[in-house]
Amino acid sequence: MNNLADGQWHRMHPATPLLRGGAALIAILAIVFANLREQLIGWIAHVPDGASQGDPVSQIMRHGWGLWAALGVLAFLGLVTAWYRLTWRMTEFRVGADAVELRSGVLNRQNRQARLDRIQGVNVHRTLFARIFGAARLEIVVAGNDANLHLQYLHSAAAEELRRQILGISHRVIAAEAAAVDALPGAAAGAAGSAAPADLGAILEARADEFLTPADLHPDAATPDSVVKVHPGRLIGSIVLSPFTLVLVALVVWLAFEVVRGNYYLLVAVIPTVFGLFTGYSRRFGRLARYTVSGSADGVRVGYGLLATSSETIPAGRIHAVGVSQPLMWRPFGWWAIRINRAGRGKQRGQAENASVVLPVGSLEDVARVLPLLLPASPAASLDLLMNATARYSRTAPPIFSRAPRAAMWLHPFAWRRIGYAYVGDTVALREGFIDRSLTFVPLARVQSVAVRQGPIHRWLGLAQVAVHTVDGRIRPRLAAIGLTAGEQLFDQLASSAVLLASRDAKG
C-alpha cells in the first residue's frame, strides 16, 4: 500500500460505498422486520385477516406483489449503491505541506482543509460493519465548531499509520513555526500499511486479528506504568451499581406483584419496556468494554469498544476540567470515575458521554496513574489533594481545603464540611459531596470566566456561590456555599490568575 502522507491525492477504502450505503439497507431491513413481526403475532394469536389490512406486508402478499416489491427493493439498493460509488470516486484527500485536504461532492463540490498547525488530535473509529471489511474512520480534530475532518473509510492499518504520520508532521510544523523557520518539513516517510492479504485464509486471519486486537492498537507506545485497563468484571459491577438499577428492580418487583394479583395483561404492556431497560446495560458495556488509558507523546490515549471500537488521543491543551467522582454504591469497593471537559466536544450529539469519560471505573491506584496524564504540571500534589478529599473530616488535622462557614449547615446539613477549594500549582481544586464524593480540577489557564452568585437565602445567611466556567461539558465546577467575603476574594484570585496564565499559555 502506498504512503498516504506523500502529498498526492488518494481515494478512500474500496468498500466505502457499501459501508456508507449500509445504513439504507439496515433501515429497509428494520421496516420489513417490524411488519413481519406484526404478521407473525397475528398468525400466532389467530387474528382475522381483516384485522391486519393496514399492514403493508399483508397487502403485498394478498395482491401477489411480492416479486415486484423485491425488484423495487433491489432497484432502490442498486441506486443507493451507485450513488455512493459515484461519491466515492469524487472523494479524495491528501496530506500536504501545511494542511490535510478533503474534496468531495458530485453536484456541489466541497474542499475542506485542516491546517497542520491547528490539529488538536487524530482519532480512529471502527464500527462493527467497518471492522468486517478491515476499515476505519479517521477523525482529524481541529479547534472550532464543526471543523473536524472525517476520512471515511480507510484500511484499518493504514488509518493507524496515517494518524501517526499526521501527528508527526503537525508537531514538526508547529516546532518550525515556533522556531521561526520558513521552510516546512516534508511528509513523514514509511509505508501507510502492509500489503493486502493474498488469499481468503489470510483475509480471514486479518479480520480475526482485527476483532481480537484491543481498541488502542499500539498500547506499547506508552510508558508501561501509565497503561490502565478496566477489568470487565469491575465494569459490569459499576454499571449494575447505579441508581438506574434501583428503578429497574422496583419496576420488576411491582410487575411481579401485579402478576400475582392476576393482572397478566401487564406482562404484554411492560415486559418490552423492561427488556429495553436491560438492553441499556448491554449497550453501555459494549461501548466501554476493553477500555484502556495510556500516555503518549501526543497526549492521553484512550481505546474502548467491544464491537464498534474507537481510539482517541486527547492533547493536554484541550482538557479544561478534570472531575474525579465516587458514587455512594461504589464506596465499599473503592471505585472511582474520571471525566473531563474537553474543547470542541461539549455539545456533539451522541458523543457527549464518550467525549467526557476518561476512566469509567477504576481503583485509587488507577486514578493515581491517570491523573498525572491529565494534570502533568503537578501530578503528586493533585493526588495528595484527592487523598485528603476522601479522608474523614478531622477537627485537629490542619485543613488543606478551605471550609464553608457553619451557616452553610442550614443549606447542606451533611455536606457543608466537605465543601471547599485548594490550589495545586496552576490549578484550582473544588470538592463537594457527602453521598456522592467529587473533586474537580480546573487549570487556571483554561478558565473562561468566574461568577459569584447570592440568592435571597444565601444573602440572609451571609453566604455565596462561586461558579468556574469552562467549555461546555458534563462537569460543572462550583462551590455550593462559601462565605461572602471569602467568595469575593476567591473571585479576584481566580480572575487575575486566569488572565495571567492564559496570556502566558498563548505566548508559549
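How many bridges join strand 1 to strand 2? In this predicted model, the count is four, and the two strands run antiparallel. Strand 2 covers residues 99–104. Within this pairing, V95 stands opposite V100 of strand 2.

Now the whole chain. It holds 14 helices and 19 strands. Of its 508 residues, 42% are buried. Among contacts with a separation of 6 or more, 56% involve residues 24 or more positions apart.

Next, the aromatic rings. There are seven aromatic pairs. One of them is Y291 with Y304, which is stacked: 5.6 Å centre to centre, with 15° between the planes. Y291 lies in the loop between helix 9 (265–288) and strand 8 (292–296), while Y304 lies in strand 9 (residues 299–304), so the pair ties together parts that are 13 residues apart in sequence. Both Y291 and Y304 are buried.

Y421 and Y423 have ring centres 6.0 Å apart and planes at 85°, so this pair is edge-to-face. Y421 is buried, at 15% relative accessible area. Y423 is partly exposed, at 35%. Elsewhere, ring pairs link W330, F333 and W335 into a cluster.

Arginines also sit over rings. R103 lies over the face of W9, 3.7 Å from the ring centre. R11 lies over the face of W88, at 5.7 Å from the ring centre.

Note on methods:
Residues are numbered from 1 along each chain as its sequence is written. This is a predicted model: local features need pLDDT of at least 70, side-chain atom pairs count only at pLDDT 80 or more; totals for chains, interfaces and linings use all residues. Side-chain values use heavy atoms; hydrogens and water are left out. Two strands pair if DSSP finds at least two bridges between them. Buried means under 20% relative accessible area, exposed over 50%, partly exposed in between (1.4 Å probe, protein chains only). Contact means heavy atoms within 4.5 Å. Rings of Phe, Tyr and Trp (its six-membered ring) pair if their centres lie within 6.5 Å; planes under 30 degrees apart count as stacked, over 60 as edge-to-face and the rest as tilted. A charge sits over a ring if NZ of Lys or CZ of Arg is within 6 Å of the ring centre and within 35 degrees of the ring normal.
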